[in-house]
Amino acid sequence: MGDKRPWPQVLRRLPGVKRTRGEDETETVTSQRRGEKITVAVDADLLQCCVCSGPLTTPLFQCTKGHISCSGCCTDGAMADECECLMCREPETATRCRAMERVLAGVSVPCPFRQHGCAEMIPYESKEAHEGSCRYAPCHCPPIPSCAGYAGKSLVDHVQVDHPDVHRTGVKPGCLTALRMRSSEQARMVWLDNCAELLLVAGRDVPGGRSLSIVGLMDELFEVEDELKYRIEVVGKDGVLSLSGPTKGVERFDRPYQASAFLFVPNAIWDSHPEDIPVFIHLK
């Protein structure tokens with residue numbers, strides 16, 4: 001079939017036919033507006049799944065009653081173009097809502113930790129993944145329970161800068177080293193032969209004593225080697241308490257610290273030498 005556009009429009013597109021300056025400017029403005037971005041305020045509830053109330057993730061489905069659900073809340077057939085709506089009391093077919101998918105693909109939101117320094121605008125579907133890895137997320141300080149937390153730095157930097165009163169002891173690999181801790185100490189930085197830093201945490205979270213645990217410190221430039229092993233020993237009148245295991249490198253804690261393994265030291269031992277507690281550490 002022939003081109004049904006008016007002849008002037010057809011002629012303007014023929015080779016060798018010049019267009020006016022006004023026509024070129026109109027097409028340029030139209031092209032620019034197609035890629036133009038605008039800022040709008042949207043109720044966050046509108047971007048949540050009607051079934052699980054979680055953030056919408058593609059593919060999206062919508063029934064005839066308007067319920068929009070994410071792929072995780074659809075029954076069999078979610079990988080196709082239709083599924084069953086779980087919000088409707090009676091069986092109701094939900095079909096792919098590609099219009100909402102296009103809208104969602106163009107939505108960006110500010111990082112929830114922008115008050116701590118993150119200036120990124122994140123695609124909505126990447127919001128949860130970004131929150132889990134954002135270096136500006138508020139972090140917890142394991143050695144100092146009274147610490148209000150920190151953001152925008154690694155744990156090793158936080159301890160060194162914000163808690164300069166935490167003592168630092170250098171040890172050599174393969175040698176049992178006395179830390180000579182005081183009963184008031186909550187943590188001790190352990191420095192291994194200029195290649196690793198660890199944190200010995202003396203927690204007060206257990207009744208009747210202290211919980212000694214090891215945290216392998218790491219930052220963006222350094223990671224604790226996986227094969228690094230530790231052994232903690234505390235000498236008492238009736239023998240030696242000991243705990244050993246592999247170190248686990250941690251850059252930051254996004255939730256309150258809970259040691260996966262710790263050495264319980266009764267108060268009778270911990271308080272028996274308030275200025276020189278017989279705590280030893282061995283690293284290899």
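The side chains of Glu233 and Arg231 meet in a salt bridge with an N to O distance of 2.8 Å, the term denoting a side-chain nitrogen of Lys or Arg within 4 Å of a carboxyl oxygen of Asp or Glu. Glu233 is buried, with a relative accessible area of 16%, whereas Arg231 is partly exposed at 27%. Here buried means under 20% relative accessible area, exposed means over 50%, and partly exposed lies in between (1.4 Å probe, protein chains only).

The model is predicted: local features need pLDDT of at least 70 and side-chain atom pairs count only at pLDDT 80 or more, while totals for chains, interfaces and linings use all residues. Residues are numbered from 1 along each chain as its sequence is written, and side-chain values use heavy atoms, with hydrogens and water left out.

**Salt bridges**

A search of the whole structure finds 8 salt bridges. Three of them, including the one already described, are listed below with the relative accessible area of each partner.

| Glu233, 16% | Arg231, 27% | 2.8 Å |

**Overall composition**

The secondary structure of the chain comes to 6 helices and 16 strands; these are DSSP runs numbered from the N terminus, helices being H or I with at least four residues and strands being E with at least two. Of the 284 residues in the chain, 35% are buried. Among contacts between residues at least 6 apart in sequence, 47% join residues at least 24 apart, a contact being heavy atoms within 4.5 Å. The chain exposes about 17900 Å², of which carbon and sulfur atoms supply 51%; accessible areas come from the Shrake-Rupley method with a 1.4 Å probe, and for residues only the protein chains shown count as cover.

Strands of a sheet pair through backbone hydrogen bonds, either parallel or antiparallel. In this structure, 4 strands form an open sheet in the order β2-β1-β4-β3, with antiparallel pairing. Its edge strands are β2 (68-69) and β3 (82-84), each of which pairs on one side only. Two strands are taken to pair if DSSP finds at least two bridges between them; β1 and β4 (residues 93-96) are joined by 3 bridges. Gln62 stands opposite Thr95 in β4.

Helix α3 (residues 98-105) contains Glu101, a residue that counts as buried at 13% relative accessibility. Leaving aside residues up to four places away in sequence, Glu101 touches Thr58, Pro59, Leu60 and Arg96.

**The loop between α2 and β1**

Thr58 and Pro59, both touched by Glu101, are joined by a cis peptide bond with omega of about 0°. Pro59 is found in the loop between α2 (21-34) and β1 (61-63). Ser53 is found in the loop between α2 and β1, and its phi is near 65°, a positive value in a residue other than glycine. Ser53 counts as partly exposed, with 47% relative accessibility.

Val40 also has its place in the loop between α2 and β1, and at 58% relative accessibility it counts as exposed. Together Ile38, Val40, Val42 and Leu46 form a nonpolar patch on the surface, with about 430 Å² of accessible area. Patches are made of residues with over 30% relative accessible area and no salt bridge, like charges being joined within 9 Å and nonpolar side chains (Val, Leu, Ile, Met, Phe, Trp, Tyr) within 5 Å.

Arg180 has a positive phi of about 50° although it is not a glycine. Its place is in the loop between β8 (176-178) and β9 (187-192), and Arg180 is exposed at 55%.

The structure holds 1 aromatic pair. The ring centres of Phe253 and Tyr257 are 5.1 Å apart and their planes stand at 70°, so the pair is edge-to-face. Rings of Phe, Tyr and Trp (its six-membered ring) pair if their centres lie within 6.5 Å; planes under 30 degrees apart count as stacked, over 60 as edge-to-face and the rest as tilted. Phe253 is buried, with a relative accessible area of 15%, while Tyr257 is partly exposed at 22%.
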